[in-house]
Amino acid sequence: MSSWLDYTINGLIVGNVYALVAVGLALIFGVSRLINFAQGSIYLVGAYVGWVAVVQLRTPLVVTVILVAAVAALVGLIIERFGLRPLQNSVRIAPLLATIGISFVLDQLVMLTFSPNPRALPSQLPDVRFQIGTGTIGPLDLLIAGVGITSALLLFVFLRYTKLGWAVRATAQDRDAAMQMGVDVNRVNQTVFGIAAALGGVSGMLVGMYYNQIDTAMSLQATLKGVVAEVVGGAGNVPGAVVGSMLLGLVESYGVAAFGTSYRNLFAFLLLIVVLVLRPNGLFASARQAPPEPLTGTFIAPSRPVRLPRWALAIAVGAFALLPLLPVSAYVLQTLINAWLLGMLALSLTLVAGTVGQVSLGHAALLAIGAYTSALLSLRLAVPVGIAIICGGLMSAALGTLLISPSFRLRGHYVSIATLAIGEIVSLVILNWESVTNGPIGLSGIPPLSLFGYELTSASSVYWFSFAVMVLLALLQARLLTSHLGRSFRAIRDDDVAARAYGLGLNRYKALAFIFGGFAAGVSGGIAAHLYSYINHETFNTQQSILALTVVILGGLGNVAGAILGSVALVGLPEAFRIAAEYRILIYGIVLLLLVRFRPQGLLGTI
Amino acid sequence: MTGTTPLLSLRGVTRTFGGLTAVDHIDLDLGQGELVSIIGPNGAGKTTLFNLVTGLDRPDGGEVRLGGQVITGFAPEKLANYGVARTFQLGRVFGNLSVMDNVLIGAHARLKAVKPAVPLIGPLLELGLALLRPSSVKAEEERLREEVRAILARFGERLLPRIDQPAYSLSYANRRRVEIARALALKPRLLLLDEPTAGMNPTETAEMQALISELKAEGLTILLIEHKLDMVMRLSDRVVVMDEGKKIAEGAGEEVRNDRKVIEAYLGHGLSPATSDEREPAA
């Protein structure tokens, strides 16, 4: 079979590209125990620098590669110096959030500079295919393989035979010991970020040439694929990252061969989940690791939450409840309705990420589950909208918790990766399960919001409805936090080892948090579906997950009032200042970065 | 030791990390109400042994029994329900929780009203009861809060005035006290203390020693890891000495402290007992 060999070659070539990203991630993880979510953005920058060089400057290939590597390395150095080094002595969640923020800022800057439209990136190589046995291989394949092998050799020589390379390896083994022996850890970090960025940038350029197309959506995909490859190989394990990349490339390639292109990513994420569940330390880790080090109370910034007096909260709720009676425009009400919907999502995320410490990056998937459930129930089974929305909440709670449960045994960054992957899986299933979800066409004609048979047609009635639901959810959550579950959740976040020693089963309590939070998010998605009347697989995307995360950090992790305040601020202020939509995500990213750096406890403090 | 079944019984417990045998065929019996100390140089495997008993780590071989029942490799959350409580060597309080909440977590395994023992839907009932809070749940919570205040009162004025403060704001010694208070809130059958006085000054150490002595007098069974030999000698019914994962001596305090193997383990070979034991006159 000729195609089988072709798919193998294709898998190995794509694997080579992933390896360039994954090796960088592994190096960075090795020295700073950090999964760099901005790696994909550097890859994106590499692709666009490549485009400028090839299409506008018309540089020869060698110059293009060097230029891309140099610019990408510079971006990496800037990220390390200004984004991460100031956070060195910060809480563990800070660098994680910072790389997420940096990635959004970079992606948006690229998008604003080059527009989101795809561009062609010609490879500058002759278009011939060589016959190998029954398969074929082109010069670009050889170039990619060559770049991959050369980089691996250079890296090997650097790490094994140079003094700085030794310092990198020493730091990866034991940062404190390396520092005591006089290793300049900052210089090591810089080196590693520079190398990782150069490799990532070149990888982006090669992928652009391989598919002869680049666009700004590449970034997230690259981060995800690189992280999958790295985790499969074992975080921080450089040779493991290479093997993991090849494995990922082959799994995807064979998966595409068997089931079709639209399933490509599904295989990548399923591979990730399987590895995380079965071998969370990667395929090549020794069977059992020593018990983890204590990390008491350093996950989130310690702070005393601002205690808002009850009467002040009551006045605020009353004022917002009376707002539609005042002569305000429908535009203001519409903006606030969006804020209340985001508020419900933020309530959910602040419980999961703040109170229990599971920083979910795929939270929009819960919106999607709720929205599709509610929409389908009302469309296909004519279930009354009010009941359908509640069913959407319940479905999000049940299905969301079930999907996320493999990640309950993971910690820190791994939870974020797993939730990001699960979010993508949900979106891919919605896209591919056409008989139920209509696939890419989406669901249209979703019945409008109604309550006890009365349609909520006016802006003020929708406003009241969504506001009331959000306030109700907030009150329930505040009550939950004062119960034994509130302290149990927070105990698990602060120190899961000690929590387990006192009888707190992690699965049970993380599941309860996701059930409660999943319901709120599902209800929000359900309301949104009936409000928009049309939804598709892209309605609830990663951007919303990130927006919700920014809201949660802004308000204060775990803080119920903070989640709502943050939603009003992040939805309302850009409207008030009439900031164009394309700049908003950039602003959210910058807000996230500034908060992490200067006010990690948020406006109202963590709880 | 009493003639009945020992409360805790270890047989041939072994744990290896790669080529290193951290715990090497340890046998140990701990009778009801006994206080046994484990001493030994750093890296002897004492904390690893604690981890094996408390389920934080699983032994590669051997058997652990609690009250005659095999508990080898049970998950820590399960052992909490069997009445095993421990403190940690480096201190693991819940930094952002108040002193009250930290100690209440210790009583988590004893919650009944809010955690009905119903299979399958138990967790959902727990969520529902936490939100609805019927009077039985409220009463249980209030009773436990009273109990926590009583436990904190055992530490004099060290913790009570700080009951609502977050644990991260406490001094190091107070955090260690919170850990012990949390362990007591479990109403343990077996208490494992991992260096409870590490980093404490002489006054604080004396206070801690008095408290442990009280707990022993109340009949609590205690396994203690401690470096302060003076305290070990005063408190312990028996002392077990570990070195390089093996038990090298066991017996009453005085026997053990004059054992040549013990002195060698601590001080290296070729040193005479006379120069080694500077704390002798104090006893």
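1. Two strands are said to pair if DSSP finds at least two bridges between them. Helices (H or I, at least four residues) and strands (E, at least two) are DSSP runs, numbered from the N terminus. In S8(B), Leu223(B) is the bridge partner of Val36(B).

2. This is a predicted model, in which local features need pLDDT of at least 70 and side-chain atom pairs count only at pLDDT 80 or more, while totals for chains, interfaces and linings use all residues. Residues are numbered from 1 along each chain as its sequence is written, and chains are lettered from A and ligands numbered from 1 in the order in which they are written.

3. Confidence in chain A should be considered next. The pLDDT (the predictor's confidence in each residue, from 0 to 100) averages 88 in chain A, and 97% of the residues score at least 70. Over residues 287-297 of chain A, however, the pLDDT is below 50, and this stretch has 23 contacts in the model beyond near neighbours in sequence. A contact requires that the C-beta atoms of two residues, placed from the backbone, lie within 7 Å. Where pLDDT is low, the predicted coordinates should not be read in detail.

4. Chain A is divided into domain 1 (2-278) and domain 2 (331-598), the bounds coming from an automatic or database domain assignment. Taken over C-alpha atoms, the centres of these two domains of chain A are separated by 31 Å. Their contact takes 30 residues from domain 1 of chain A and 30 residues from domain 2 of chain A. On the domain 1 side, the elements giving two or more residues are helix H4 (93-114), helix H9 (218-233) and helix H11 (264-278) of chain A; H4(A) gives the most, with 13 residues. The residues of that side divide into 25 nonpolar, four polar and one charged. Here Ala, Val, Leu, Ile, Met, Phe, Trp, Tyr, Cys and Pro count as nonpolar, Asp, Glu, Lys and Arg as charged, and the others, Gly among them, as polar.

5. Between the chains, 33 residues of chain A are in contact with 37 residues of chain B. On the chain A side, helix H18 (459-482), helix H19 (484-494), helix H20 (496-501) and helix H21 (506-532) each supply at least two residues, and H19(A) gives the most, with seven residues. This side of chain A divides into 18 nonpolar, eight polar and seven charged residues.

6. In chain B, the assignment gives domain 1 (8-93 + 187-282) and domain 2 (96-169). The C-alpha centres of these domains of chain B lie 29 Å apart, and the contact takes five residues from each of domain 1 and domain 2 of chain B. The domain 1 side comprises three nonpolar residues, one polar and one charged.

7. Strand S3 (residues 35-39) of chain B pairs with S8(B) in the parallel sense over four bridges. Strand S7 (residues 190-194) of chain B also runs parallel to S8(B), joined by five bridges, with Leu223(B) as the bridge partner of Leu192(B).

8. A separate topic is the open sheet of four strands in chain B, which has the order S2-S1-S4-S5 with antiparallel pairing. Its edge strands are S2 (20-30) and S5 (69-70) of chain B.
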